[in-house]
Amino acid sequence: MLTGLIMDKQNRKFSKSLGNGIDPIEMIENHDFSPDALRLFMLGKSSHLDMKISQNDQDWFANKKFLNKLWQSARFLFLQKEKLENYQFIEIQAEKEVIGFIDDFDKLIESRNFIEATRQFKHFYKEYFCDIWIENSKQNMSNEMLNIGFANMRLLLERFSIFCPQISDFIISEI
């Protein structure tokens, strides 16, 4: 339903007899990649067309790197929570930029455009949430700013959990 044939770099269909397949369980057990990174890789490449992949595909590493960025941004907010005296979590609405992005993201998911949805999510999370929101908030972190950060992160991760449920659900549970 999501992909055509999965083939190696020589245009051969993955096959046990050829030994050219990639075993995702082995990759997870060897701690090369998390299940979330593998899922994000496959959904980020999924289309109804045939696709070529290899174990050295740079997208494997790019997704692993993105998930590390996601974890580090959450860790930053959790550390800020510990630093603030008398921090009190208040459930508030996310910023309009995040809500607007989520509307666009939902439309991509409804149309089953997973490649574009993953691309846009990663771009928005890195460019807006990490590079703009977190960087601009570092000097002025207060209870209110931290609550906005958690609201933004929660809304983004609630949607992203369809791609990466383990890391998303864990971070949400810690907010």
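Let's sort residues first: Ala, Val, Leu, Ile, Met, Phe, Trp, Tyr, Cys and Pro count as nonpolar, Asp, Glu, Lys and Arg as charged, and the others, Gly among them, as polar. The model here is predicted, so to speak for local features pLDDT must be at least 70, side-chain atom pairs count only at pLDDT 80 or more, and totals for chains, interfaces and linings use all residues. Numbering starts from 1 along each chain as its sequence is written, and side-chain values use heavy atoms, with hydrogens and water left out.

Now the largest pocket. A pocket is an open set of points on a 1 Å grid over the protein atoms alone, where a 1.4 Å probe fits, with protein on both sides within 12 Å along at least five of seven lines; lining residues have an atom within 4 Å of a point. This one holds about 210 Å³ of space, the volume being what probe spheres set on the points fill. Of its 13 lining residues, Asp59, Asn63, Thr118, Arg119 and Lys122 are the closest to the centre. By class, the lining has five nonpolar, three polar and five charged residues. Helix α5 gives the most, with five residues (helices are DSSP runs of H or I, at least four residues, numbered from the N terminus).

In one, the rings of phenylalanine 66 and tyrosine 125 have centres 6.0 Å apart and planes at 80°, so the pair is edge-to-face. It links helix α3 to helix α5, 59 residues apart in the chain.

How values were computed. Helix = DSSP H or I, 4+ residues; strand = E, 2+ residues; numbered from the N terminus. Phe/Tyr/Trp six-rings, centres within 6.5 Å; stacked < 30°, edge-to-face > 60°.
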